[in-house]
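Please find below my note on the structure under discussion. It is arranged as numbered points for reading beside the coordinates.

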Amino acid sequence: HTSSYEIGVRIVGSEMCIRNSTETALSSGMAEEGDLVVVTSGVPVGVSGMANMIKAQMLGNVLCTGRGMCPGVVTGEVFLVSPANLPTPEQCENAIIVARDADETILPLLKKARALVTEENNAEDSAVAVGLTLGIPVVAMAGGATTLLKHGIKVTVDGTRGIIQPA
C-alpha cells in the first residue's frame, strides 16, 4: 500500500516524496550537489515526534567522496597511478592523480597535476603537505576511488568539500 501527501503536486510513496524534497532543496538553493541530507517523515503527517522513516541521501551526481584535505575546485582528466603504472611528470600535466595511497613515488607527479585523490587516509602524509604547498586540491579517504574513477574520464575535484563529480 502506498501513501500520498500533498505538497503542491501529488506525491505517491516515500521514494517520490524523498526525490521531490531533495529536488526542491537543490532548486531553491537550500542545498548543493554533493551535500548529504537527512530526510525524515512520519505518519500521521504533522504530528511531532512521529518520524518512522529516516533516510540519508547524497544530492546530485557524485562519483566519489572522501575527506577534503587541501582546498580548491579544479577540473581535469583522471590519471590512475599505481606502482605498476607510474607515469612521468609530463604525462600528468593538468591531470587529476588518483592513487590508492600517496607515497614518495608520486611526489614529482604532483608538480604537474591539478589535484590528488587517494583512497587511504593521508592526513599526515607528505603528499598532503606538497598539495598544500603547491596549492592543489587533495581529497583523501575516497573509498573505492581507484575503481570508481576510470582513467581518462573528466572530473571536478572539490578539495574543500571532499567530493568528486563528473565534469
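The points below go from the whole chain to the sheet, the cores and some single residues.

1. **Confidence.** The structure is a predicted model. Its mean pLDDT is 82, and 82% of the residues of the chain reach 70 or more. Residues 1–8 stay under 50 in pLDDT, and the model has eleven contacts beyond four places in sequence for this stretch. Where pLDDT is low, the predicted coordinates should not be read in detail.

2. **Overall composition.** The chain has four helices and twelve strands. It comprises 167 residues, of which 36% count as buried. Among contacts between residues at least 6 apart in sequence, 47% join residues at least 24 apart. The chain exposes about 9300 Å², and carbon and sulfur atoms supply 53% of that area.

3. **The sheet.** Eight strands form an open sheet with mixed pairing, in the order β5-β12-β11-β7-β8-β9-β10-β6. Its edge strands are β5 (64–65) and β6, each of which pairs on one side only. Strands β11 (residues 154–158) and β12 (residues 163–166) run antiparallel and are joined by four bridges. Within that pairing, Asp 158 has Ile 163 of β12 as its bridge partner.

4. **Strand β8 and its neighbours.** β7 and β8 pair in the parallel sense over five bridges, and Glu 77 stands opposite Ala 95 in β8. On the pairing with β9 (residues 115–118), β8 again runs parallel, here with four bridges. Ile 96 stands opposite Ala 115 in β9.

5. **Burial of β8.** How many of the residues of β8 are buried? The count is five of five, and the strand is mostly covered. Ala 95, Ile 97 and Ala 99 point one way from the strand, while Ile 96 and Val 98 point the other way; all are buried.

6. **Nonpolar cores.** The largest nonpolar core has 18 residues, and those with the most contacts inside it are Met 69, Val 81, Ile 97, Ile 106, Leu 109, Leu 116 and Val 138. Two or more residues of this core come from each of β6 (67–70), β7 (73–81), β8 (95–99), α2 (107–110) and β10 (138–140). β8 gives the most, with three residues. A second, separate core has 14 residues, including Val 74, Val 78, Ala 142 and Ala 145. In soluble globular proteins, nonpolar side chains tend to be buried together.

7. **Thr 118.** Thr 118 lies in strand β9. Thr 118 counts as buried because its relative accessibility is 1%, and the cut-off for burial is under 20%. Leaving out residues up to four places away in sequence, Thr 118 touches Ala 99, Arg 100, Asp 101, Ala 102, Val 139, Ala 140, Met 141 and Ala 142.

8. **Cysteines.** Cys 70 lies in strand β6 and is buried, with a relative accessible area of 1%. Cys 64 is also buried, with a relative accessible area of 3%. The count of disulfides comes to zero. Beyond four places in sequence, the residues that Cys 70 touches are Val 128, Gly 131, Leu 132, Ile 136, Pro 137, Val 138, Gly 159 and Thr 160. The C-alpha atoms of Cys 70 and Arg 161 are separated by 9.5 Å, although the two residues are 91 residues apart along the chain.

9. **Positive phi values.** Most residues other than glycine have a negative phi, and most peptide bonds are trans. Asn 94 has a positive phi, near 65°, and Met 141 has a positive phi, near 55°. Asn 94 is in the loop between β7 and β8, whereas Met 141 lies in the loop between β10 and α4 (145–148). Is Asn 94 buried, partly exposed or exposed? Its relative accessible area is 48%, so Asn 94 is partly exposed. Met 141 is likewise partly exposed, with a relative accessible area of 41%. Met 141 is also among the residues that Thr 118 touches.

Note on methods. Residues are numbered from 1 along each chain as its sequence is written. This is a predicted model: local features need pLDDT of at least 70, side-chain atom pairs count only at pLDDT 80 or more; totals for chains, interfaces and linings use all residues. Side-chain values use heavy atoms; hydrogens and water are left out. A nonpolar core is a set of buried Ala, Val, Leu, Ile, Met, Phe, Trp, Tyr and Cys residues joined through side-chain atoms within 4.5 Å. Buried means under 20% relative accessible area, exposed over 50%, partly exposed in between (1.4 Å probe, protein chains only). Two strands pair if DSSP finds at least two bridges between them. Contact means heavy atoms within 4.5 Å. pLDDT is the predictor's confidence in each residue, from 0 to 100. A disulfide is a pair of cysteine sulfur atoms within 2.5 Å. Accessible areas come from the Shrake-Rupley method with a 1.4 Å probe; for residues, only the protein chains shown count as cover.
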